[in-house]
Number of protein chains: 2
Amino acid sequence: MPTKKGTASGGTRRTPATGSRAANQRADAQRNRAKILAGTVTAISRNPDASVADIAAEAGVGRVTLYGHFQNRAELIEAALMDSLERGEDVLSEVPLDGEAAAAFQRLVASSWVLVDQSRALLAAAQKELPAARIRELHENAEARMRGLLLRGQREGAFRVDLPVSWLLTTTHVVMNGASEEVRIGRLDPEDAPRFIDAILLPAFTQKRDR
Amino acid sequence: MPTKKGTASGGTRRTPATGSRAANQRADAQRNRAKILAGTVTAISRNPDASVADIAAEAGVGRVTLYGHFQNRAELIEAALMDSLERGEDVLSEVPLDGEAAAAFQRLVASSWVLVDQSRALLAAAQKELPAARIRELHENAEARMRGLLLRGQREGAFRVDLPVSWLLTTTHVVMNGASEEVRIGRLDPEDAPRFIDAILLPAFTQKRDR
DNA sequence: CCTAACTAGAACAGCGATGTACGAGATACA
DNA sequence: TGTATCTCGTACATCGCTGTTCTAGTTAGG
């Protein structure tokens, strides 16, 4: 079977089916894989529909080499997104969610904001390339964390209950994304972003106590 | 000069330079132009990067005919956006902006929401095709109207002044867009949208009176 | 230091989209 | 009813991107 001869690091994909974990590849190759993943984020951030050639150039790697690591564009995007989300998970899982709901929400938003700002463009690219279900699946953890907190806040009377949690969640997302976009085009100082986001979301979500 | 022979309604572009207003074209052609403009909106709404062929099919018109009306894709998108914005202007200019700022804001948002929901995808497509400056220019009117209202609200003490108007404006945009997206994927009842939007924006923007 | 793993680059095939050219047919409107 | 205007379909040239193949060179690591 000369077809499977596998140029470049085709050997990486030794394992037949999906879900091949980091195999026994050379240190060299692992470094390149990381470079490609990083390059994908920056290339996509600069231009949402960057070509594979663009990405390879950004990563400082040959286009063919890239194809050695990832079978096609979709797989590349998915890997980059998974990588970003895994890093994000590491950060977010450290955020203490106990105590007052509003304060915990503020902490979680502050940490999430940085991650959103970094991989917003990548997510947008993924939405074109991957089935929506897959995207959902990958975001499951992060989404569940925020949703759980919002629910608890509602139960405890900290957050308003006249709106469904799904809408609070959506609002949180779009405001963070909006801030990220404003930063990108230079209309918002990154320093101000977390404060501005909180300034909108907290009064909007908080249950009014007096009437 | 057989090059300029002008198949189809190339005659439409009789005027040499830019800004050719509706010329003396046949009633037939005018109808088709309208069909194409409408088709562009629906086609783009269904698929953000629909091809010219897709759009022509949606409009029920030959691809070549479309090129008779618009020289290239960019010109088509721009025309469709201009058309949508002009219609929008007709609606928004009727909204009474006097009286209490918060109430006026509510009225303006209610009217804007419908328009945003209709041409959100078109705007996204335009952002890829047209220079950002051109987009800005086209939105000038609508943007100025909302900005003026927010400013007045700040001066009158109705809206908070600890955030710049630009951020209030951005927030308004992203929340409306978010609602539109949620409607599109069927997670939000269009009926609820205006109420949900207000429920977020008003408490977020309103100056707290007591402390 | 030797071999297997990895990389680079050029070249190629395939696809889909854009924009143009042509020829013939349909339709408004005077 | 006649003619300029408009439309349609097909066909074509071009371009950029994807994914593959081949060859030759470089590097990691036992």
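Okay, let's start where the two chains touch: 28 residues of chain A are in contact with 28 residues of chain B. Keep in mind as we go that this is a predicted model. Between them, chain A and chain B bury about 2100 Å², and 64% of that is on carbon and sulfur atoms.

While we're on chain A, a quick stop at an annotation. UniProt, in an unreviewed entry, puts a "DNA-binding region" at residues 51-70 of chain A. In the model, that stretch is 75% helix and 0% strand, with its end C-alpha atoms 14 Å apart.

Now over to chain B and its helix packing. Take α5(B), residues 101-129, and α6(B), residues 132-155: their axes come within 12 Å and cross at roughly 160 degrees. The cut-off for roughly antiparallel is over 145 degrees, so α5(B) and α6(B) are roughly antiparallel. The crossing of this pair is left-handed. If you want to find the contact on screen, look on the α5(B) side for residues including F105(B), L108(B), V109(B) and L123(B), and on the α6(B) side for residues including I135(B), M146(B), L149(B) and L150(B). By class, that contact comes to eleven nonpolar, four polar and two charged residues.

Next, α6(B) again, this time with α7(B), which is residues 165-184. Here the axes come within 10 Å and cross at roughly 125 degrees, and that angle makes the pair oblique. Is this crossing left-handed or right-handed? Right-handed. On the α6(B) side we have E143(B), M146(B), R147(B), L150(B), L151(B) and Q154(B), and they meet V165(B), S166(B), L168(B), L169(B), T172(B) and H173(B) in α7(B). The class count for this one is six nonpolar, four polar and two charged. Notice that M146(B) and L150(B) are in this contact, and they're also in the one with α5(B).

Last pair: α5(B) with α8(B), residues 193-205. Their axes come within 10 Å and cross at roughly 145 degrees, again in a right-handed crossing. From α5(B) we get A102(B), F105(B), Q106(B), V109(B) and W113(B), and they meet A193(B), P194(B), I197(B), D198(B), L201(B), L202(B) and F205(B) in α8(B).

Key. Residues are numbered from 1 along each chain as its sequence is written. Chains are lettered from A and ligands numbered from 1 in the order in which they are written. This is a predicted model: local features need pLDDT of at least 70, side-chain atom pairs count only at pLDDT 80 or more; totals for chains, interfaces and linings use all residues. Side-chain values use heavy atoms; hydrogens and water are left out. Axes are lines fitted to C-alpha atoms, for helices over the stretch in contact, and angles run from 0 to 180 degrees between N-to-C directions. Helices (H or I, at least four residues) and strands (E, at least two) are DSSP runs, numbered from the N terminus. Angles under 35 degrees count as roughly parallel, over 145 as roughly antiparallel, 65 to 115 as roughly perpendicular and the rest as oblique. A crossing is left-handed if the near helix is turned anticlockwise from the far one by less than a right angle, and right-handed if clockwise. Contact means heavy atoms within 4.5 Å. Ala, Val, Leu, Ile, Met, Phe, Trp, Tyr, Cys and Pro count as nonpolar, Asp, Glu, Lys and Arg as charged, and the others, Gly among them, as polar. UniProt positions are given in the numbering used here, feature names are shortened, and annotations may be inferred rather than shown by experiment. Buried area is the accessible area (1.4 Å probe) that two parts lose on being put together, summed over both.
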